[in-house]
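Reader: I'd like to go through this model and ask how you back up each label. Can you set the values against the definitions as we go?

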Amino acid sequence: MDTVPGAWYGRRVNAVGAPAPGEKKTRTALALLGSASALVPALVMWGFTVDDALIPLRYAHHLAIGAGYRFNAQGPSTDGVTPLLWAPLLAVVSGAKDGDLLAALVRTKIVGVVAWTAAGAALGLALARRSATDRRGIVHSAVALVLLALAFPVGAWAASGMETGVATALATLAAIELDRPRRSAILAGLAACLRPELVVWALALAGGAAVGAARSSTSASPGARAWTGVRVVAASAALATGPFAICAVIRLAAFGRAAPLALLAKPSDLSHGLAYAGAATIVSLTPILAFAPLALRRAPWHAKTIAAAAVAHVLVVVGVGGDWMPYARLVVPVAPSLVLVYVECAKVARPLASLSRAAVVGVVGVIVAANAAPAGRHVHEDRKELVEKARPLLSSSRVVAALDVGWVGAATNATIVDLAGLTDPAIAGLPGGHTSKAVDVAMLLDRDVDTLVVYSQPRAVERRLVSSELFEARFERAAVVPLGAKGAFYEIFRRRPSRAGEERRR
């Protein structure tokens, strides 16, 4: 029976619209494999999180109880969450209103895993439709999804409680929908709304989709096709950048700057960005898997668009100086879409070349996962125990200064002075990086800090504070709170009672 092509991801139907023979089983199998490639590593890495995951939940809690968009209930409204709409979303879906940020974190982790698992199923289905009954394409699709499961950073960030899992799902769906330029642009724009560094990627993806759609237009005349192309490209560009632009305008109106506060708190470093991008492209695996420049020249425009957008994104990551969080966070959202590039390139490349590259990626994936994944699997439980042990020790504190404000904010309702400046514009503007801001003891005293929390391996700003003579005169160590099973801990320093205060108590 004759067949006609459907969307670029290849659904082939017979003349009466029914799936071609054998396609239904293939679609079901690859959809299940896609969902498993997303869900299994996310469950394996369920125990992973980062301290910053608790910061937006504190904002969400204050929004939910009517205190406003602020990190400290009694403090000013500050731009401490890079994805501007993430905290308002969490105020609705995480149950943060009751103030139990650890429980809210678990619910947020579930949101990320569910979103990414659904996108994984959609990715498998798209591969099945693209391959239809092409055995070679089906084999490469299955291989690619198995290798995606080895890319444990994708699963880790889906389960982290950060916005990355949802951004990854949106970015993957945007790549799948390239034949529907407006839908693809909307999805890419929403991904960039959650992760602002994705805006260039979103623009490149949407632009490529629009150009490809214009070229395949059935308009009667070249002039009509050109005009259609202009309209589609303009609309796609607006949709892809619109959410990012709206957030920038809101930030400018509310906080006086269009860029997230984190950009000020963490100055970019090109050398660190290069090292970060290089490592991230390796540990996320799919960039290596999709690297087939000769085959890409003969691949469909859809694959070229996804590859070009990914390259643009990596260059942006270099430019912003990378990230201080583990597991290639900034590259993860675009990594799954490169599976589509690999499969398309594999169809036009020599089978031995594609399978050899896949074998290398598999070996690298196993080695990286075996060495790097175990360290992240117990972070959530360690943080939970840390918060529970610290709560009674911080219960009498009024103003706490700390560098890791996420868990501290979950352990106390006290006002928190953020030594990294991620939630404090005054500190963010000080010289230094996010762990070396030029905060001195006098500043702590001016802000009435009565408690300082210091990590067992002090960062630059912590070392500077605790080594000061003024600090020794005004603060004393009050407690030590263990963290995990490897000997790490946090020290809690309390402000010494003043002589005037002692005399009043007498």
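Reader: Start with Ala-169: where does it lie, and why is it called buried or exposed?
Author: Ala-169 lies in helix α7, residues 164-176; a helix here is a DSSP run of H or I with at least four residues, a strand is a run of E with at least two, and both are numbered from the N terminus. Buried means under 20% relative accessible area, exposed over 50% and partly exposed in between, with a 1.4 Å probe and protein chains only. Ala-169 has 5%, so it counts as buried. By the way, this is a predicted model, where local features need pLDDT of at least 70 and side-chain atom pairs count only at pLDDT 80 or more, while totals for chains, interfaces and linings use all residues. Residues are numbered from 1 along each chain as its sequence is written, and side-chain values use heavy atoms, with hydrogens and water left out.

Reader: What is Ala-169 in contact with, leaving aside neighbours within four places in sequence?
Author: Ala-115, Trp-116 and Ala-119, where contact means heavy atoms within 4.5 Å. Ala-169 and Ser-337 are 168 residues apart in sequence, yet 9.8 Å apart in space, C-alpha to C-alpha.

Reader: And Arg-251, what makes it buried or exposed?
Author: Its relative accessible area is 3%, so Arg-251 is buried. Arg-251 lies in helix α10, residues 222-255. Beyond its neighbours within four places in sequence, Arg-251 is in contact with residues including Asp-79, Thr-82, Pro-83 and Arg-257.

Reader: How do you know what span is expected for helix α5?
Author: The expected span is 1.5 Å times one less than the number of residues. Helix α5 (135-150) has 16 residues, and its 23 Å from first C-alpha to last is close to the 22 Å expected.

Reader: Which residues of α5 are buried, and what puts them where they are around the axis?
Author: The buried ones are Gly-137, His-140, Ser-141, Ala-144, Leu-145, Leu-147 and Leu-148. They cover an arc of only 165° around the axis, so they sit on the same side of α5; the arc is that of the directions from the helix axis to the C-beta atoms. Among the elements covering them are α1 (23-44), α4 (101-131) and α17 (351-376).

Reader: What makes a set of residues a nonpolar core?
Author: They must be buried Ala, Val, Leu, Ile, Met, Phe, Trp, Tyr or Cys residues joined through side-chain atoms within 4.5 Å. The largest such core has 119 residues, and Trp-201 and Trp-407 have the most contacts inside it. Helix α4 gives the most to this core, with 10 residues. Apart from it lies another core of 24 residues, among them Leu-403, Leu-422, Leu-465 and Phe-493.

Reader: How do you know which strands pair in the sheet?
Author: Two strands pair if DSSP finds at least two bridges between them. There are 8 bridges joining β6 to β7 (488-495), and these strands run antiparallel. Likewise, 5 bridges join β5 to β7, again antiparallel. The open sheet has 5 strands in the order β4-β3-β5-β7-β6, with mixed pairing.

Reader: Why are β4 and β6 called edge strands?
Author: β4 (415-418) and β6 (475-483) each pair on one side only.
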